[in-house]
Amino acid sequence: MNSSVRIFCGWLSLVGVILLGGCDMPDAPQFRLNMVQMVSDATPTPPAYQEQIANVLDGMFGTPDEPFALPETGLDLRKLQMAAGPAWTDDKGANFGLYRKHCVHCHGVTGDGRGPTALFLNPYPRDYRAGVYKFKSTYNPARPTDEDLHRVLINGIPGTAMPSFSLSPQAELESLAEYVKYLSIRGQMEIALANYAFNDLGEEETVDDKGEPVLDDEGEPVMRLIPLDPASDEEQRTVITELLAEIMDPWNTVNEQIIVPEEGAIPVDNRPAEDVAASVAKGRELFYGIRANCMKCHGPTGLGDGQQDDFDNWNKAHKQFLDSLASSSEEDELTGTRDSVAASLYPIRNAIPRNLRKGIYRGGHRRIDVFWRIYAGIAGTPMPGSGPASPGAQGTLTEEEIWSIVDYVLSLPYETPSRPLEALPTNLELVN
Amino acid sequence: MTHPFRILVATVITITALAQSHAVEWGSIKGKFVLDGAAGEPAAINVNKDAEFCGKHDLKDETIVTGEGNALANVVVFIYAKRGQKLEVHPDYEAAAKTPAKLENKGCRFEPHLLALRTGQPLEVSNSDPGIGHNTNASFVANPGFNEMVTNAAPIVKTLEKPEPVPAPVACNVHPWMKAHVVVREDPYVGISNEKGEFEIKNIPVGQHEFIFWHEGKGNLRDVKLASGKTDRRGRAKLKIEAGKELDLGEIKVTPAALGK
């Protein structure tokens with residue numbers, strides 16, 4: 001039963017006590033810790049810290065039944081409350097518990113992409129906890145805009161298990177998108193706290209009442225963990241407030257990161273057929289050339305059968321952990337936990353470049369969608385960006401060239417599938 | 001049954017006392033890493049892309065690189081600086097802070113395999129493999145990552161604003177065997193052991209510092225014996241730098257197990 005005192009900081013000038021109504025149900029779903037992070041080589045987190053991190057997160061974000069958001073997050077608590085908790089409908093027909101009703105069996109209570117259905121899916125449902133999204137209008141490292149999340153909910157992700165929720169009322173979609181963001185921010189905070197506890201807190205030598213170091217039988221100093229306890233440590237409170245601000249900044253400034261194509265370079269819709277053909281031909285040349293290098297991954301005929309050995313960031317993190325575990329011979333206090341974390345993971349899957357002859361575009365089939373994919377790449381996956389990497393930067397390809405590749409990509413499904421055009425020869429004289 | 005309650009506490013802005021800029025004295029540190037056992041021959045890379053070019057370079061797995069006499073290369077030694085803490089920087093480092101740190105795609109590997117740079121210092125990633133397209137995909141903890149094509153024509157240039165707590169992985173997804181790490185710190189006090197296993201960091205402000213010892217194999221090197229004491233469970237050791245002196249850690253033995261072998 002959760003009866004903990006939750007303490008956290010806000011930019012509030014008064015000290016107050018707020019009583020929240022309601023109690024947690026005895027078997028209310030709980031957020032799960034990001035155990036791969038906790039047992040990683042980068043932040044091996046002792047059980048005491050795991051518990052303290054869970055407490056701090058609980059204070060800052062509440063529970064799956066009773067979400068909470070500090071004002072610094074800018075999250076709308078009413079939207080979160082509509083999405084959180086068990087599914088029910090009030091007497092006016094308003095729906096609550098939307099996330100558990102529609103999303104949880106795939107994306108999991110914590111948003112770790114590990115709901116009960118997830119094991120059977122390929123690709124796996126998104127793990128929101130890194131704040132990384134694939135199909136968005138922004139530069140590669142940037143967060144998605146609200147509109148991007150909204151678009152994914154309306155369209156679903158064709159060719160994957162992610163369904164369309166276009167029949168849900170606007171207010172419900174807004175509440176769900178807000179909740180997805182909330183789970184991301186919470187997940188990012190968890191990673192930040194694990195880093196903070198490991199890097200900046202950690203162990204210190206214990207001292208007795210006289211300030212003398214306490215030694216063990218072998219004369220080594222006895223160590224103790226500096227507790228992660230922002231409630232009683234002002235410096236920690238300040239740091240955690242800073243960490244939250246660092247997480248929020250990219251979310252709050254995402255509108256400065258939207259890729260807006262230059263007016264002049266956007267090809268008009270009603271172009272003469274020969275213009276389109278010329279653009280497709282140019283796009284084709286680029287696709288097979290070394291500047292765009294699309295062929296190396298998407299294969300000599302665009303079937304997605306080029307470089308298939310790689311992984312997306314989510315699978316890579318799990319693979320790294322498993323590889324590290326396999327090569328471990330030393331035991332420590334986390335050894336048992338590592339084994340059970342390893343046993344809980346789903347099979348690692350390769351990132352397969354898209355088969356571009358199918359005409360199914362997961363991030364949307366509009367020309368602008370495909371333009372964004374090629375310009376920024378697909379975040380979290382091997383697919384690199386070919387346009388400028390941030391506002392004002394120099395890109396590998398010009399916008400005009402990217403639009404030509406868009407024309408070529410969109411033409412690929414209409415080439416006779418059984419007789420795809422031969423790949424252009426690679427420039428072998430350069431290679432020797 | 002108790003109701004959970006929340007206490008909102010005012011955050012007090014702490015004004016960090018600014019370090020007085022009185023005359024600072026400097027010292028250095030050096031040492032030599034040796035692999036204490038056998039790590040086996042590095043595995044040959046299965047070159048499955050651009051084989052006609054990349055296949056010519058006799059590529060090997062570079063996770064563990066040893067030199068003559070089992071000298072262990074690519075161990076990173078750097079000073080832990082608490083969040084927000086700044087170390088005094090010797091004026092000799094000023095010029096280098098503005099020179100781009102260069103990471104080259106060359107012979108279908110990254111050169112160097114480990115690169116140290118400072119926040120604000122340009123990171124220049126170039127491609128010297130004629131007719132071969134590479135992409136550079138960097139994942140960071142504190143900075144925004146990037147994943148871009150790098151052509152023969154022009155390098156891509158990045159500036160990282162925040163220090164990274166651990167060396168950050170850089171990859172090429174067209175040739176997934178290509179791996180490097182960049183060590184991004186606010187200060188220049190990073191040593192990377194060379195083929196002889198040797199590292200040296202000069203002009204460190206005197207005093208007790210916490211040094212981190214890191215290797216790509218399994219991250220921070222725990223319980224490694226030093227001339228005096230050993231690294232702790234987090235792979236760190238508190239060492240004293242004295243004015244005008246060079247602290248010599250001597251030969252530092254690292255077991256293959258500590259590198260995941």
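Is Cys106(A) buried or exposed?

1. Cys106(A) counts as buried, at 13% relative accessibility; buried means under 20% relative accessible area, exposed over 50% and partly exposed in between, with a 1.4 Å probe and protein chains only. Its sulfur lies 8.7 Å from the closest cysteine sulfur, in Cys103(A), which is too far for a bond. Cys103(A) is also buried, with a relative accessible area of 9%.

2. This is a predicted model, in which local features need pLDDT of at least 70 and side-chain atom pairs count only at pLDDT 80 or more, while totals for chains, interfaces and linings use all residues. Residues are numbered from 1 along each chain as its sequence is written, chains are lettered from A and ligands numbered from 1 in the order in which they are written, and side-chain values use heavy atoms, with hydrogens and water left out.

3. Over all chains, the structure holds one disulfide (a pair of cysteine sulfur atoms within 2.5 Å). The sulfur atoms of Cys54(B) and Cys108(B) form this link, 2.0 Å apart. Cys54(B) lies in helix H1 (residues 51–54) of chain B and Cys108(B) in the loop between strands E4 (101–106) and E5 (109–111), so the pair ties together parts that are 54 residues apart in sequence. Helices (H or I, at least four residues) and strands (E, at least two) are DSSP runs, numbered from the N terminus. Cys54(B) is buried, at 0% relative accessibility, and Cys108(B) is buried at 0%.

4. In chain B, an open sheet of three strands has the order E14-E2-E18, with mixed pairing; two strands pair if DSSP finds at least two bridges between them. Strand E2 (residues 26–35) runs parallel to E18(B), joined by seven bridges.
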